[in-house]
Amino acid sequence: MIGLGTMGAGIVEVLAKAGHRVFGIDYDDRAVAGGRERLETSLDRAVQKGKLNPDERQAVVSRVSFGTDKAVLTGASVIIEAVSEKPELKQAVFAEIDAHAPADAILATNTSSLSITSIAAGTTRPDRVIGIHFFNPAPVQPLVEVIDTVLTDPAVIDRAMSFLQELGKRPIRCGDRAGFIVNSLLVGYLNAAVRTYADGRISREQLDAAMVEEAGYPMGPLALLDMIGIDVGHAVLVRMYDETKDRRHAPAPLLTQLLEAGLLGRKTGRGFYDYRSEESVAPVRTPQWASGEGIAEELVTDYLNDAVRMVETNYATPDDIDAGMSLGCRMPKPFEVLAARGPRAVLDRQRAIFERTAEPGDRPSALLEALADAAEPQAALELLRSR
Ligand SMILES: NC(=O)c1ccc[n+]([C@@H]2O[C@H](COP(=O)([O-])OP(=O)(O)OC[C@H]3O[C@@H](n4cnc5c(N)ncnc54)[C@H](O)[C@@H]3O)[C@@H](O)[C@H]2O)c1
């Protein structure tokens with residue numbers, strides 16, 4: 001494990017708990033000590049909660065060695081990198097991994113937003129480089145995205161999938177697109193929600209309440225963005241827009257304004273909401289004319305259309321998308337929602353949205369149309385979901 005910050009220390013814990021011998025590497029002694037401390041604090045918490053007994057804790061710790069020397073990589077079968085999210089740093093670390101790792105090792109990056117293809121292409125063995133994207137906190141979150149590139153040897157992906165299953169994780173597969181499955185669907189929806197709010201059709205409280213009460217989401221989109229961090233959401237969108245040129249992914253101007261104003265959400269005390277005072281001024285004036293009716297429905301429909309398009313383009317399976325959104329975001333499973341509403345009803349709504357916005361990204365997915373036009377739409381959808 002290279003990089004022992006929030007994610008790296010958590011992944012070390014996952015690996016060692018599953019019985020693997022682990023080497024944890026960071027760049028200097030202080031950073032290594034920090035990683036060791038993170039691991040021990042997390043294990044102590046597990047013991048306090050009765051999830052681990054003291055002997056097991058000891059056994060986990062004894063399986064982990066720490067250091068700064070990447071020469072230990074000569075003995076590694078799986079190498080996971082989780083250093084800070086900087087392209088030059090990742091390239092440099094992968095050059096070192098490339099110099100030391102055995103020929104048959106899996107080389108993985110935990111990056112959330114960088115191109116895995118370009119990291120792979122910088123090595124002498126791009127066929128062995130993949131993304132293994134854990135979610136925070138790694139010891140408790142079962143979901144892991146496994147990402148291949150146009151250069152990957154499929155056997156490497158198969159090995160990574162079984163390796164993660166043996167760790168007790170729920171790996172889901174996709175290709176190398178910005179945001180992968182979970183962040184691209186989530187952040188795409190969040191951006192649409194911000195635009196709707198900024199249009200002045202609904203108040204922030206109404207919008208957040210509608211997504212919870214009408215759509216069954218665990219949290220409203222604006223409150224969620226405040227929690228994730230406006231800067232973090234904005235950065236994912238910039239990367240997505242850069243790649244897709246889908247205008248829906250261009251950060252909503254209001255999001256950019258909050259970023260420029262330093263209103264980053266909970267961490268700065270203010271974002272869409274003010275967490276410092278009772279009297280919180282909304283960044284958008286209270287709507288005078290609109291009722292906000294149907295907005296939750298619209299946001300959900302667009303999100304379902306995006307999920308179906310992922311399947312249409314062979315990017316991911318319905319089952320993996322459902323697992324990703326439910327485990328990663330505690331959101332309702334898109335393909336379950338689609339089945340409950342029926343492909344025809346969802347298509348009709350999506351057509352209405354497209355007619356109104358004329359936004360190319362809002363065009364109904366061809367697969368959604370095919371499902372709705374099938375002799376038995378529900379059976380066609382079930383067949384798709386079972387594959
Ligand atoms: N934090 C999250 O929620 C999250 C979730 C999924 C993926 N990620 C991704 O995981 C990676 C790490 O994120 P994090 O939140 O753990 O960051 P972090 O800042 O907590 O940790 C980064 C670690 O990398 C170490 N490092 C820096 N240069 C190094 C080098 N040359 N060699 C070895 N170690 C070095 C740092 O000392 C630090 O311990 C990033 O790519 C990020 O995008 C983060």
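Helices (H or I, at least four residues) and strands (E, at least two) are DSSP runs, numbered from the N terminus. The model is predicted, so local features need pLDDT of at least 70 and side-chain atom pairs count only at pLDDT 80 or more, while totals for chains, interfaces and linings use all residues. Residues are numbered from 1 along each chain as its sequence is written, and side-chain values use heavy atoms, with hydrogens and water left out.

**Annotated domains**

An unreviewed UniProt entry places "domain: 3-hydroxyacyl-CoA dehydrogenase NAD binding" at residues 2–176. UniProt, again in an unreviewed entry, puts "domain: 3-hydroxyacyl-CoA dehydrogenase C-terminal" at residues 179–275 and 298–377. These positions are given in the numbering used here, feature names are shortened, and annotations may be inferred rather than shown by experiment. Colour residues 179–275 next: 60% helix, 0% strand, end C-alpha atoms 28 Å apart. Residues 298–377 are 74% helix and 0% strand, and their end C-alpha atoms are 21 Å apart.

**The ligand**

Show the ligand and the 23 residues that surround it, the closest being Met7, Asp26, Glu85, Lys90 and Ser112; a residue counts as near if one of its heavy atoms lies within 4 Å.

- Aspartate 26: a side-chain N or O atom is 2.7 Å from an oxygen atom of the ligand.
- Glutamate 85: a polar side-chain atom lies 2.5 Å from a ligand oxygen atom.
- Serine 112: a polar side-chain atom is 3.2 Å from a nitrogen atom of the ligand.

On its own the ligand has 840 Å² of accessible area, of which the protein covers 75%; the area comes from the Shrake-Rupley method with a 1.4 Å probe. Now show α1, α4 (87–100) and β5, which each supply at least two residues of the shell. α4 gives the most, with three residues.

**The largest pocket**

Switch to the largest pocket, with a volume of about 980 Å³. A pocket here is an open set of points, on a 1 Å grid over the protein atoms alone, where a 1.4 Å probe fits, with protein on both sides within 12 Å along at least five of seven lines; lining residues have an atom within 4 Å of a point. Of its 36 lining residues, Phe135, Asn136, Asn183, Ile228 and Gly328 are the closest to the centre. Elements that each supply at least two lining residues include α1 (6–17), β5 (129–134), α9 (221–228) and α13 (318–329). The largest share, six residues, comes from α7.

**Two backbone stops**

Go to asparagine 136 and proline 137: the peptide bond from the former to the latter is cis, with omega near -5°. Proline 137 sits in the loop between β5 and β6 (143–148). End at phenylalanine 180, in the loop between β7 (170–175) and α7. Its phi is near 50°, a positive value in a residue other than glycine. Most residues other than glycine have a negative phi, and most peptide bonds are trans.

Key:
Points joined across faces, edges and corners; volume = space filled by probe spheres on them. Polar contact = N/O pair within 3.5 Å; in protein donor to acceptor, adjacent residues only side chain to side chain.
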